[in-house]
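Here are a few friendly notes to read alongside the model.

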Amino acid sequence: MATGRFLVFEGLDGSGKTTQMTRIQNRLTSIGIDVITTCEPTDGPVGALIRDMLEGRIFSDPRTIAALFAADRTDHLVKPETGVQDLVKKGRVVLCDRYYFSSYAYHARDMDLEWIITLNSLNTQIIRPDLTLFIDVAPETCLARIRAGRHRLDMYEKIDILKQVRHNYFTAFDRLKDTEKVVTVDGNASEDAVEQSIWQHLQPFVKFRIESDMR
Ligand code: TYD
């Protein structure tokens, strides 16, 4: 029976993770592997509320945002048919732009990491990624890319904050090294080189598909 895969892309804002996820999706599609891409915050009702808060349209408190992200994530996982859990059970390969490591990195600026881990414990029980790919790019580079691409910056996109978030990612990777499979890719190189590096790490996780599709 087909086994699905849940593969997560993480990184700072401006790290190129969305670009790389699209490249990997195209690469998998070109060799006949049908993938589903998704992201957090989601485009569902909780995700919409989160975006209103991140972009300052409605009042928010860091604790409320952290709790909403955990709720948005549960909704993302357990929705019937289109939820990640069902898709993976049905044997699909799901690529996801951000997952709970984003919560551990972004919300640990204001709250204790252990509290955020506890807040997300239900989500870890529902599904852990087969692989989390962290695209590591210097915060200065990320900010320059964000500034070149957009006029409006959301509340996380300042240099000190990006530095802190990057530090928090590594703290969380270390804290959870016994339970999570995480690979860090140097994202400072050219887009082609970064893609190639991601592909090397990801290939073993989709190998079963490549082999079964070639039979
Ligand atoms: P994202 O949609 O990846 O950013 P962009 O709009 O640039 O594509 O994520 C929006 C923001 O949400 C990003 O700054 C990171 C933040 N975030 C959290 O704070 N906690 C979380 O759990 C997640 C998934 C994202």
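1. Two strands count as paired if DSSP finds at least two bridges between them. In this predicted model, Phe134 stands opposite Thr184 in S5. Strand S5 (residues 182-186) runs parallel to S4, and five bridges join the two. Helices (H or I, at least four residues) and strands (E, at least two) are DSSP runs, numbered from the N terminus.

2. A word on the ground rules. The model is predicted, so local features need pLDDT of at least 70 and side-chain atom pairs count only at pLDDT 80 or more, while totals for chains, interfaces and linings use all residues. Residues are numbered from 1 along each chain as its sequence is written, and side-chain values use heavy atoms, with hydrogens and water left out.

3. S4 also has a partner in strand S1 (residues 5-11): the two pair in the parallel sense over five bridges. Here Leu7 is the residue opposite Leu131 in S4.

4. How much of strand S4 (residues 131-136) is buried? Six of its six residues are, where buried means under 20% relative accessible area with a 1.4 Å probe, protein chains only. Leu131, Leu133 and Ile135 point one way, Thr132, Phe134 and Asp136 point the other way, and all are buried. In a regular strand, side chains alternate between the two faces of the sheet.

5. Now the helices. H2 (residues 45-54) packs on H3 (residues 62-78) at an angle of about 155°, with the axes 9 Å apart. Axes are lines fitted to C-alpha atoms over the stretch in contact, and angles run from 0 to 180 degrees between N-to-C directions. H2 and H3 are therefore roughly antiparallel (over 145 degrees).

6. At this contact (heavy atoms within 4.5 Å), Val46, Gly47, Leu49, Ile50, Met53 and Leu54 of H2 meet Thr64, Ile65, Leu68, Phe69 and Asp72 of H3. The residues divide into eight nonpolar, two polar and one charged; Ala, Val, Leu, Ile, Met, Phe, Trp, Tyr, Cys and Pro count as nonpolar, Asp, Glu, Lys and Arg as charged, and the others, Gly among them, as polar.

7. The axes of H8 (residues 139-149) and H9 (residues 159-175) come within 9 Å and cross at roughly 130°. Pro139, Glu140, Cys142, Leu143 and Ile146 of H8 make the contact with Ile159, Leu162, Lys163 and Arg166 of H9. These residues comprise six nonpolar, no polar and three charged.

Key
Angles under 35 degrees count as roughly parallel, over 145 as roughly antiparallel, 65 to 115 as roughly perpendicular and the rest as oblique. Buried means under 20% relative accessible area, exposed over 50%, partly exposed in between (1.4 Å probe, protein chains only).
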